[in-house]
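These are my notebook entries on a structure that I looked up for the first time. I began with the terms and then went through the model entry by entry.

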Amino acid sequence: SEFMANATFAPEAFVKPTGSVAISVPAVTATKAELVLTPDPVEGFTYYWDVLPKNEADILMPTDQDKIAYLISDVEEAMEYYGKTWAEYIDEGVVEYTYTGLSPLTQYYAVAFGVDANGNVTTGLFKTEFATKDLNPALKSWVGTWTVTSEKTFALEKGGETGLLDKPTTRTITIGTKSPGFGIELDETELITAGLSYTDGLE
C-alpha cells in the first residue's frame, strides 16, 4: 500500500519492552535482499518486520515512532480487508527470508519491532540499512518498452476460432525490474534471470 503521510503515533499502544530483534542482510542483488531476523528471546517473543525505501520513509515518517505507527496502520488496514488477525502477521523465532521486487541502486531499511497477538507494540524500532546493486549490463539491455510481433496467434473464442492461427499479432511489452499492477513475475529459471518482469499490452 502507499505510504501514509498523515500516520500518527499512539504512545498508549506501547507496553514494557520485552525483547529485541537483530537484523542482518547477508546478500543483496539489484532486486532482492536476503534477510535474517534473530529475536532475543527466541521463544515467547513475537515481532513484525518489513522493508521500507529509506528516502521515502525518512521524509514521510521521520522518526522511528512514525515508522512504527505507519506499519501498524498498514497492517490493520490489511487485516480489515482480508479479515485476518494480528496473530497471522507476526513472527516468533528466527526468520530467514528473501525479499524480492526491490529497485536497483536504492537504499532501504529492513525494520522490525515487537508486537503481541493483540497488536500491542512491545519494543522500539530496530532497523538495518542496505542498498541494492545495479543491474547486470546484459540484463539492462532488456529493460524498456518494445513492440513485438508473433508469427502466429492463439485464439480462444466462444463459438469462433480456437487454437493456433497463421495470423501475426503485434503488441507492446514492457520489461522492468518489478511488475507494476498485474504484470507477470518472471522466475529466475524462466526467460530472463535476476527478477526481471514484464507486462503485456495485448488486450
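Predicted model: local features only at pLDDT ≥ 70, side-chain atom pairs only at ≥ 80, totals over all residues.

**Entry 1: T132**

I located T132 in the loop between β7 (126–131) and α3 (137–140). Is T132 buried or exposed? T132 counts as buried, because its relative accessibility is 5% and the cut-off for buried is under 20%. I then listed its contacts, leaving aside neighbours within four places in sequence: V28, T29, A30, L102, S103, P104, L105, T106 and Y108. I looked up two polar contacts of the T132 side chain as well. A polar atom of this side chain lies 2.6 Å from the backbone oxygen of S103, and the side chain reaches the backbone nitrogen of L105 at 3.0 Å.

**Entry 2**

Strand β1 (residues 20–28) runs antiparallel to β2, and 7 bridges join them. The two form a hairpin, with 4 residues between them. I noted I23 with its bridge partner in β2, L37. Strand β5 (residues 95–99) also pairs with β2 in the antiparallel sense, over 5 bridges. There I found A33 opposite Y99 of β5.

**Entry 3: the nonpolar cores**

Which residues touch the most other members of the largest nonpolar core? They are Y48, L71, W86, Y89 and F113, out of 20 residues in this core. The elements giving two or more residues to this core are β3 (46–53), α2 and β6 (107–114). Helix α2 provides the largest share, 7 residues. Apart from this core lies another, of 16 residues, which includes V28, A33, L35 and V51.

I then looked up F113 on its own. Not counting residues up to four places away in sequence, F113 touches Y47, Y48, I68, L71, I72, V121, T123, G124, L125 and F126.

**Entry 4: Q65**

I found Q65 in helix α2 (residues 64–82). Q65 is partly exposed, with a relative accessible area of 43%. I also noted G124, which is 59 residues from Q65 along the chain; their C-alpha atoms are separated by 7.5 Å.

Terms used: Residues numbered from 1 in each chain as written. Heavy atoms only, no water. Pairing = 2+ DSSP bridges. Buried < 20%, exposed > 50% of the residue type's maximum accessible area, 1.4 Å probe, protein only. Core = buried A, V, L, I, M, F, W, Y, C linked by side-chain atoms within 4.5 Å. Contact = heavy atoms within 4.5 Å. Polar contact = N/O pair within 3.5 Å; in protein donor to acceptor, adjacent residues only side chain to side chain.
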